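Please read the following walk through the structure with the coordinates open beside the text. The paragraphs move from the strands to the helices and then to a few residues in loops.

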Amino acid sequence: MRILFLGDVVGKAGRLAVKQFLPKLKEELRLDAVLANGENLAGGIGMTCETMDELFAAGVDFITSGNHVWRHKEIFSRLEKDRRVIRPANYPEGTPGRGHAVLTLRDGRRIAVLNMLGTTYMEPLPCPFRTALSWVEMPELEEVPVRLVDFHAEATSEKKTMGWALDGKVSAVLGTHTHVQTSDAQILPQGTAYLTDLGMCGVEQSSLGMDFEIVLNRFLTKLPVAFKPAKGDISLNGACIDIDDITGRAREIRIIRENCPAWRAEKSAGRGDESL
Ligand SMILES: [Fe+2]
Ligand SMILES: [Fe+2]
């Protein structure tokens, strides 16, 4: 099974990048499923029902998230109802939605997905390692060898250790949250694909997708100003993982990195809308 996992999709530029590149990637890579981290979908922070639907319409099958998932309250009930969207699993009991799910493809094949937040330099949530190690032991996972983990975390040490802890127990451990793609894509000794960070979809000439000038002012003055998504050329970043359906072991992990001028993506998105 071949799966594309996209890093944090940031704002309109990120959504445009998905619309621009996904049709071509689906064809070229013969993808069975596409997953994306959507925590920055709406204006760069959080997700709304509309922006999630836009991503699904663009060809994404499943959305994971992260620390910004709670920004827009309108999605709380959606997180409860929609089985194609998850939030980090290690939020306390009673938090809306769920942290893991099993996605069933049109041909009946299944993919188990777990989303977690790191706790190093982040919120002091329950331990993600204990969460992951009990998830892989869940009886409902016995018949689902293809398992993906989106570890939304800040510290490289925490991400690398998660990869090692889950090696041979899941198909892939993929990092999100730092928005910068790392160059350490690898298959771990027991067959788990690993990448410290998938990168982001959005404007790369920016501070993690946000306008440099505003972020610089915040660093200079320490005043609480609202960030604004950056404008400029758009990029799509992620990884394509080839997984053995029977064993759940990864055969290959390939970095995906595309970019083009914003006007070109806007033009093709516009054409697409007209044809609807
Ligand atoms: Fe993010
Ligand atoms: Fe994040």
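Is strand β1 (residues 2–6) mostly covered or mostly uncovered? In this predicted model, β1 is mostly covered, with four of its five residues buried. Burial here is a count: a residue is called buried if 20 or more other C-beta atoms lie within 10 Å of its own.

Two strands pair with β1. Strand β12 (residues 234–243) pairs with β1 in the antiparallel sense over five bridges, and strand β3 (residues 33–37) pairs with β1 in the parallel sense over four bridges. In β12 the bridge partner of Leu6 is Gly238, while in β3 the bridge partner of Leu6 is Ala36.

From β12 the pairing continues to strand β13 (residues 250–260). These two strands run antiparallel and are joined by 10 bridges. One position to look up is Leu236, which stands opposite Glu258 in β13. β12 and β13 form a hairpin, and six residues lie between them. Gly248, in the turn of this hairpin, has a positive phi of about 80°.

A further set of strands makes up an open sheet. Six strands take part, in the order β5-β6-β7-β8-β10-β9, and the pairing is mixed. The edges are held by β5 (100–104) and β9 (186–187); each has a single partner strand, so one side of each is left without a neighbour in the sheet. In general, strands of a sheet pair through backbone hydrogen bonds, either parallel or antiparallel. Within this sheet, strand β6 (residues 110–117) and strand β7 (residues 147–152) run parallel and are joined by six bridges. Leu114 stands opposite Val149 in β7.

Helices lie against these strands. Helix α4 (residues 128–135) lies across β5, β6 and β7, and runs at about 165° to β6. Helix α5 (residues 156–166) also packs on the sheet, where it touches β7, β8 (172–176) and β10 (193–195). The direction of α5 makes about 165° with that of β8.

How do the two helices α4 and α5 stand to each other, and at what angle do their axes cross? The axes of α4 and α5 come within 11 Å and cross at roughly 25°. Angles under 35 degrees count as roughly parallel, and α4 is therefore roughly parallel to α5. The crossing of α4 past α5 is right-handed. On the α4 side the contact is made by Pro128, Phe129, Ala132 and Leu133, and on the α5 side by Met162, Ala165 and Leu166. Sorted by type, the residues of the contact of α4 with α5 comprise seven nonpolar, no polar and no charged.

The remaining stops are in loops. Tyr121 lies in the loop between β6 and α4. Its phi is positive, about 60°, although Tyr121 is not a glycine. Tyr121 has 9 other C-beta atoms within 10 Å and is therefore exposed. His177, in the loop between β8 and β9, has a positive phi of about 100° and is not a glycine either. Is His177 buried or exposed? His177 has 27 C-beta neighbours inside 10 Å, so His177 counts as buried.

Val144 is placed in the loop between α4 and β7. With 17 C-beta neighbours inside 10 Å, Val144 counts as partly exposed. Which residues does Val144 contact, leaving aside its neighbours within four places in sequence? They are Val102, Arg110 and Ala112. Val144 and Ile246 are 102 residues apart in sequence, and their C-alpha atoms are 9.0 Å apart in space.

Arg109 sits in the loop between β5 and β6. Arg109 has 14 C-beta neighbours inside 10 Å and so counts as partly exposed. Apart from neighbours within four places in sequence, Arg109 is in contact with Met1 and Asp245. Arg109 and Ala239 are 130 residues apart in sequence, and 20 Å apart in space from C-alpha to C-alpha.

Note on methods:
Residues numbered from 1 in each chain as written. Chains lettered and ligands numbered in written order. Predicted model: local features only at pLDDT ≥ 70, side-chain atom pairs only at ≥ 80, totals over all residues. Pairing = 2+ DSSP bridges. Contact = placed C-beta atoms within 7 Å. Axes fitted to C-alpha atoms, helices over the stretch in contact; angles between N-to-C directions. Buried ≥ 20, exposed ≤ 12 C-beta atoms within 10 Å, placed from the backbone. Parallel < 35°, antiparallel > 145°, perpendicular 65-115°, else oblique. Left-handed = near helix turned anticlockwise from the far one by under 90°. Nonpolar A, V, L, I, M, F, W, Y, C, P; charged D, E, K, R; others polar.
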